[in-house]
Amino acid sequence: MPHQDQDTSLRHRLGRTLRTPIGVTALTACLLVALVAVFGPVLLGDQAARIDTDAINQGSSAAHLLGTDQLGRDIAARVVVATRLTLRLTLLAAVIGVGGGLLLGVAPAVVGRRLGRLITATVGVLVAFPGLLFLLFLATIFGVGSTGAVFAVGLAMVPPMARLVQNLTASIAGSDYVAAARILGVGRFKLVVRHLLPNIAEPSVLFATQAAGGILVAFSGLSFLGLGVQPPEYDWGRLLNEQLNRIYVNPVAALAPGAAVVLTGLMFGLVGEVLAQAGGRRAPQAREATPQQVKPQDETAPEGDGGALVRARDLRVTFPGGRRAVRGISLSIGVGEAVGLVGESGSGKSLTALALADLVPHPGRVCAGTLRFDGHDLRADPRLGTELAMVFQDPMASLNPALRVGRQLAEVAEVHLGATCAQATARAVDRLGAVRIPSPERRARQRPHEYSGGMRQRAVIAMGLMGEPKLIVADEPTTALDVAVQQQVLDLLAEVREDSGAALLLISHDLAVVAQVCERVLVMYGGLIVEDLPVAQLVGGAAHPYTRALVGAVPTMATDPGTELATIPGRPPEPGEAGAGCPFAPRCERARKRCHDDAPELAGFGPGRRVACWYPVDAVTAVAPAQATSHGAEATS
C-alpha cells in the first residue's frame with residue numbers, strides 16, 4: 001500500500017505539472033518529435049532518397065523548402081527522415097549509459113569491501129578524465145560506424161551516472177532498514193531491487209533524462225566528424241557535415257540539422273524539468289481540508305491569541321494514503337514560557353514542531369483552523385530565521401560539512417535580515433561567542449568536523465540566535481551528547497531564554513530533562529495531545545494512564561533497586577491505524593468499552609490542566625473496582 005500511495009501521489013503531481021506552461025510545452029514537443037520520428041520516414045522516405053540530377057545544389061524554393069544536396073535530394077525531407085535514426089541511436093546509448101551506471105553505482109553497496117573500493121576508485125578516475133577525450137578514445141576503440149558510436153557514447157555516460165548513483169546509495173546503504181534486510185538474509189538482487197533502487201529512482205531518472213540531451217549532441221558530433229553513422233544511412237550530425245561547406249551559399253540547409261539537434265536537446269531538458277517539478281521535495285502544497293475523522297482538540301482559551309505567543313487550533317499533518325501523523329491538536333505557548341513536548345517515537349512530536357516552522361517534508365500537508373505566531377498567520381508569513389529558531393537533534397545534519405561554520409551562520413543574517421557580508425560575519429562571530437564557544441573568530445573559520453559534538457550543538461543554537469528569536473524550538477537537542485555536555489547545553493538554553501526572553505518548545509524523550517527546563521508539559525500519543533499539565537505535577541500527579549506509565553518507566557536516584565519499572569505493552573499506532581476510540585485504549589489496563597468506541601476530548605481537569613481520558617487516574621482511584629465497572633457501563637449506555 002505505501003508504494004501504491006506514493007505512485008498515486010507522483011501521478012497526481014505529474015498531472016498537475018503537465019498543466020503548467022512548461023509542462024504543456026514539454027508534452028507538445030515530445031508528441032511532435034514522436035510523430036515526426038514515426039511517420040516521417042513513411043511519408044517522406046521516397047522523396048528523401050530520390051536523386052534528381054536536374055536539381056543539384058539548389059537553394060530554398062517552393063518545391064524544396066531547404067534546397068537540395070549534391071545529388072538533388074530534398075534536404076528538408078532528409079532532416080525529417082533522419083529523426084527516427086537519430087532518436088533511436090540516442091536512446092540506445094542512453095540505455096547503455098544508465099544501465100552501466102546503475103550497475104557500477106550500486107555495486108559498492110552489495111559487493112565486498114575491497115571490490116567495492118576498487119570500483120569506486122575506478123569510477124573516480126574515469127570521472128576525472130576529460131569527457132571529450134574519453135569519448136574519442138572509445139570511438140577509436142570501437143571503430144567507425146553507428147554501432148561503435150552507440151557503445152562509445154553510452155559507455156562515456158557510465159562514469160558520471162555511476163558516480164551519482166554511488167553517492168545516492170552511500171547515503172541509503174547505512175540506513176537501519178537496509179541493515180535489517182542484510183541481517184534477515186535478503187539476497188543481493190532483492191536488496192538492490194527492493195531497498196536501494198526505489199529510493200534513488202527519482203534523481204536517477206532526472207539525471208538520465210537531462211543527460212539524454214548531451215548524448216544527442218555527442219552522437220551528432222561523432223557523425224559530424226565521420227566516426228558515427230556511415231553512408232548510405234544518415235542522421236542529423238552527418239547531414240550537418242554534408243552541408244557545412246555550403247553554409248555561405250545556402251545557410252538554411254546547413255543550419256537545419258543543427259537546429260534539430262538543439263531543439264530536441266532542449267526538449268529532453270524540458271522533460272527533465274517537468275520530472276523535477278513533479279518530484280520536487282519542497283513543492284508548494286495546497287492546504288486543503290482533510291476529512292475530520294477525529295474531533296479537533298479545542299483550547300479552553302477564547303478565540304484569538306489571548307496573550308499567547310503561539311496558538312494552534314485543529315493542527316493536522318497528513319501524508320498520502322490517509323496517514324495522519326498529527327490529528328487535530330490544539331496548543332498554546334505563552335511569551336517566555338518553556339513548554340515540554342514528550343511522548344514515544346512516532347507520536348507526532350517532531351512533526352508538530354516542523355509544522356510550526358513550515359518545514360514539514362514533502363509530501364506531507366499541514367492544515368489548521370488557526371496557526372498564529374506573535375499575532376501573525378504562520379501559513380502566510382513564516383518566521384523561521386528571524387523570530388523563530390529551530391535546534392535539531394543532529395547538528396551534522398544541520399551544518400553543511402563543506403562550508404565553514406561562520407559562513408553558514410552569516411548566510412542566515414544575509415538571507416533573512418538583509419545584512420551585508422561584513423555585518424553578517426561580525427554577527428556570526430558574536431553569536432558563537434554568545435553560546436560560549438572559545439576563540440569565536442578562529443572557530444568561525446573552521447568546518448563542522450573540527451568541532452566536538454557539544455560545540456556543534458552550540459553552533460546550531462548560535463545559528464538560531466542570528467535573528468532575534470521569540471520562540472526556540474529544540475528537537476531532542478541533547479540526545480547524542482554525554483551527560484556533562486547535556487547539562488552544558490541545557491544551561492546554555494536557560495541563559496539564552498533569560499537574556500532574550502524567548503519562549504522554548506523542548507521536544508525530548510528524557511522526562512528528567514523536561515522536568516529540569518520546562519514549566520509545562522504536553523504529552524502526545526498517536527498524533528494527539530493526551531495531557532497538558534504543569535511540570536511540578538508530572539511526577540505523582542499525572543492523570544492520564546499513558547503519562548503515568550512514561551513517568552513510571554524512568555528510574556530515579558530514589559528508586560529501590562528491586563523495584564520493577566513500569567512497562568507499556570504493545571506498540572504505538574502507526575499513522576492511519578487509529579480507530580474511533582481512544583488511541584491508547586489497546587495498551588491501557590484501565591480501558592473499558594467506552595474507551596474503544598469513542599475518543600475523549602482534551603478537557604479541563606483542574607487549574608492549568610487538561611486531559612483526554614474518560615477515566616482519569618484521580619477519578620478512577622476514588623471509586624471501588626466494582627463501582628467503577630458499573631459506572632463505566634452507565635457511561636457507555
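The structure holds zero disulfides, a disulfide being a pair of cysteine sulfur atoms within 2.5 Å. Cysteine 582 is in no disulfide, and the nearest cysteine sulfur, which belongs to cysteine 595, is 6.2 Å away; cysteine 595 is likewise in no disulfide, with the sulfur of cysteine 582 as its nearest at 6.2 Å. This is a predicted model, in which local features need pLDDT of at least 70 and side-chain atom pairs count only at pLDDT 80 or more, while totals for chains, interfaces and linings use all residues. Residues are numbered from 1 along each chain as its sequence is written, and side-chain values use heavy atoms, with hydrogens and water left out.

| Residue | Relative accessible area | Class |
|---|---|---|
| Cysteine 582 | 13% | buried |
| Cysteine 595 | 8% | buried |
| Aspartate 314 | 10% | buried |
| Aspartate 358 | 28% | partly exposed |

Most residues other than glycine have a negative phi, and most peptide bonds are trans. Aspartate 314, although not a glycine, has a positive phi of about 55 degrees, and this residue is found in strand S1 (residues 308-319). Aspartate 358 has a positive phi of about 60 degrees and lies in the loop between helix H11 (349-356) and strand S4 (365-367); helices (H or I, at least four residues) and strands (E, at least two) are DSSP runs, numbered from the N terminus. The peptide bond from proline 231 to proline 232 is cis, with omega near 10 degrees, and proline 232 is placed in the loop between helix H8 (188-224) and helix H9 (236-243).

How values were computed. Buried < 20%, exposed > 50% of the residue type's maximum accessible area, 1.4 Å probe, protein only.
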